Amino acid sequence: MKSWTSFLAAAAVVTALSLPAFAARTDLVIGIPLEPPYLDPTAGAAAAIDEVLYANVFEGLTRIGPAGEVLPALAESWEISDDGAVYTFRLRSGVKFHDGSDFDAEDVKFSLDRARAADSVNAQKILFEAIDSVEAVDPATVKITLRHPQGAFLYNMGWGDAVIVAPESAGTNKEKPIGTGPFRFESWAKGASIRLAKADSYWGEPAYLDRVEFRIVPDAAAAVPALLSGDVQAFPFFQPDGVAQIEGDPRFKVEVGATEGETLLTMNNKKAPFNKLQVRQAISYALDRQAIIDGASAGLGTPIGSHQSPASKAYVDLTGTYPHDVAKAKELLKEAGLENGFRTTIKLPPPSYARLGGEIIASQLREVGIEAEIIPVEWAQWLDQVFTRKDFDLTIVSHTEPNDIDIYARKDYYFNYDNPAFDKVIAELNLTSDEAKRNDLLGQAQKILADDAVVGFLYELPKVGVWDAKLEGFWKDAPIQANDVTKVRWTD
Amino acid sequence: MTAYLAKRLAIAAITLALASVVVFAVLEIVPGDPARVMLGMNASEAQVEQLRQQMGLDGGPVQRYLHWSGNLLSLDLGRSYTYSVPVIDLITERLAVSLPLALIALALSTAIAIPVGLYAASRRGRAGDAISMGAAQLGVAVPNFWFALLLVYLFAVWLRWLPAGGFPGWSAGIWPALKALILPALALALPQAAILARVTRSALIDVLSEDYIRTARAKGMPWRKVLWGHALRNALIPVVTIMGLQFAFLLAGTIIIENVFYLPGLGRLIFQAITQRDLIVVESVVMLLVATVIAVNLIVDLSYALVDPRLGNRA
């Protein structure tokens with residue numbers, strides 16, 4: 001009897017200890033649709049890598065904030081020479097990597113030199129193209145000399161591909177990432193989940209959460225019950241068509257924001273008949289963007305008229321250039337000598353915006369006399385046939401890289417677009433750092449693309465975030481591919 | 001029996017060798033480049049070439065086949081292109097989920113199917129037969145992912161007895177890990193059970209019309225004893241054959257169920273490896289599965305000899 005009562009007393013104490021009054025939860029399970037192939041943001045293009053590690057585990061000299069702004073990170077300040085070619089970064093002191101080693105200027109030099117080396121396999125090597133030399137002046141100062149001024153240099157240094165790694169751990173980051181961020185990597189059960197834990201040695205404001213688990217939930221149909229059962233408490237990137245099942249449930253919050261994903265109906269500009277401006281314009285008139293958004297994206301998403309995110313300060317609304325007008329489209333086809341229409345193909349990669357959008361677009365094109373045969377392709381096939389070999393007529397893909405209007409100036413890019421006037425604007429943009437001037441040039445660039453009807457500009461991919469209503473601190477928009485959870489916390 | 005076994009083993013070895021050529025050749029002609037998949041749309045062609053060299057993709061196909069198949073013989077499955085870890089590690093991690101899942105599902109489906117098949121056969125043409133075969137027809141017709149979602153809504157969302165998906169790993173304890181496998185095993189087992197029940201029923205019906213059954217009944221043997229002792233054992237050959245095929249399917253054909261329950265199993269590994277063009281993983285896993293199917297068939301063939309001693313003696 002006595003042992004029985006002491007057992008009860010002990011149980012009461014344990015219960016009291018394990019339920020401290022009013023202390024908020026500090027653990028979180030986040031659902032992500034795609035598993036990163038490995039955990040080094042400097043070694044691959046997969047967005048899933050940054051969606052786990054960017055800002056949480058790894059940091060760069062600068063970082064991109066929730067509104068797409070450039071913020072100081074490992075560099076607390078910087079000076080730019082008058083000619084715009086020399087950047088001197090002041091580094092933060094007392095910063096440690098998660099393995100306990102100190103961070104200093106040598107790590108910055110190592111990371112940037114590694115990313116731009118001849119044998120570098122950094123997927124965004126283009127970001128480092130302008131760098132001529134990196135010099136560690138003293139442990140807290142780095143001087144970077146550019147070959148020519150580059151307006152977006154500070155922004156570029158905020159990408160996940162430009163994070164700072166240590167020479168000792170760079171070779172093993174793919175499996176066991178070691179960074180300087182507010183969370184350290186804990187474990188990776190391949191195919192199932194990646195766990196992070198709060199880094200006690202963090203130099204800045206500590207994170208609210210002690211533990212974050214990124215759980216891989218590949219099937220959109222499985223995401224809803226995962227939320228409803230409480231197994232997963234947040235899906236920062238949710239499938240738009242699942243929203244209807246969650247909306248109106250007071251236990252959850254749905255936030256629809258913007259991404260940097262311009263969803264395009266790309267036309268092969270060098271291939272007949274798409275080499276004719278009237279044909280490209282006819283297709284642009286044939287598109288009913290709202291119908292595409294309704295059908296392929298559950299009505300979420302903003303129509304675009306050129307290649308710039310509506311959330312951007314440089315955005316110019318050009319959606320009125322080619323309103324939905326079947327008669328006008330037919331007239332332009334007649335002008336191009338194709339009054340009986342023509343047959344073509346449309347290659348569709350796996351995402352639902354492409355597969356569903358492609359069906360709708362094919363039927364809209366049929367109304368103006370264009371028969372587009374649908375060819376579904378896998379992602380690897382798309383990269384091979386469409387992107388690398390340019391063996392396509394039409395295709396749909398969302399270009400999710402931020403501020404990437406310069407892709408239309410790249411020689412040999414799969415659009416096959418070539419306009420010296422556009423290239424000139426981009427060349428000037430690259431050399432300009434003044435924001436007002438940059439925005440003006442970006443506006444000109446958007447106008448040229450719209451006038452040339454280079455591609456069918458469809459809509460900006462929405463960022464649909466769904467999470468437990470008691471959580472706050474998630475990003476509403478996705479100015480870069482990231483799930484920055486450093487400010488996320490439970491409010492009860 | 002020894003000669004029979006030797007012959008079966010020789011056939012198995014030749015099948016494996018032929019399969020390795022076919023698997024390699026088929027994957028060689030699949031369009032897509034693992035280096036480009038890794039580097040995405042912003043990398044230059046020169047950079048992709050650089051990575052291709054680092055991955056060891058620059059040799060000719062014959063050279064790479066000989067290298068790969070030579071390593072296979074010494075049980076070295078190579079290193080994954082994308083994960084850059086040994087393929088054998090990836091496979092063993094995934095088998096820790098897929099193998100128990102397949103075994104549980106197989107056990108469940110057998111436990112359901114044999115009694116149902118027996119019952120239906122013994123009530124042939126009557127209401128019990130019609131109802132149980134109707135249910136089996138439904139089980140075959142309903143897609144298993146849809147059934148899986150129903151189970152999730154019932155047991156995870158509404159009753160909250162079981163997790164909606166995911167796998168905590170065996171290190172989290174036997175019970176949490178088993179809990180994660182119950183719903184997927186059930187979702188996998190029911191359609192298989194439906195097929196197996198139908199096969200059991202028709203095999204039994206064939207056997208029940210044989211003369212020796214009539215003789216046994218005429219001698220006054222109880223119906224239950226005739227059914228379990230004489231009929232079932234003789235009806236087992238087609239049933240065991242189907243079970244063998246089902247096991248191979250349950251081990252790797254579960255991509256959809258693994259997706260719905262987000263389980264890190266073998267099916268998901270193959271699927272991910274194909275989309276990333278991690279061909280060495282695909283090749284090695286497919287070879288492993290071919291070897292499993294051959295081994296299971298061998299066991300099934302040998303078990304015929306147990307069920308029907310005449311087969312063993314004849315060989």
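In what order do the elements of chain B run from the N terminus on? Select chain B and follow the chain: α-α-α-α-α-α-α-α-α-α-α-α-α-α. That is 14 helices and 0 strands. Keep in mind that this is a predicted model.

**Stay on chain B.** Look at its extent. The C-alpha trace spans about 85 × 60 × 35 Å along its principal axes. Now colour by burial. Of the 315 residues in chain B, 36% are buried. Next, turn to contacts with a separation of 6 or more. In chain B, 71% of these come from residues 24 or more positions apart.

**Next, the contact between the chains.** Select the residues of chain A that touch chain B. There are 39 of them, in contact with 44 residues of chain B. Strand S10 (211-216), helix H5 (220-228) and helix H11 (379-388) of chain A each supply at least two residues to this side. H11(A) gives the most, with 8 residues. Colour this side of chain A by class: 20 residues are nonpolar, 7 polar and 12 charged.

**Last stop: strand S17 of chain A.** Select residues 455-468. Here 13 of the 14 residues are buried, so the strand is largely enclosed by the rest of the structure.

Now show its partners:

- Strand S12 (residues 252-267) of chain A runs antiparallel to S17(A), joined by 12 bridges. Find A:Lys253, whose bridge partner is A:Trp467.
- Strand S11 (residues 234-235) of chain A is also antiparallel to S17(A), with 2 bridges. Here A:Phe235 has A:Val466 as its bridge partner.
- Strand S13 (residues 302-303) of chain A pairs with S17(A) in the antiparallel sense over 2 bridges. Look for A:Pro303 opposite A:Tyr459.

Terms used: Residues numbered from 1 in each chain as written. Chains lettered and ligands numbered in written order. Predicted model: local features only at pLDDT ≥ 70, side-chain atom pairs only at ≥ 80, totals over all residues. Contact = placed C-beta atoms within 7 Å. Helix = DSSP H or I, 4+ residues; strand = E, 2+ residues; numbered from the N terminus. Nonpolar A, V, L, I, M, F, W, Y, C, P; charged D, E, K, R; others polar. Buried ≥ 20, exposed ≤ 12 C-beta atoms within 10 Å, placed from the backbone. Pairing = 2+ DSSP bridges.
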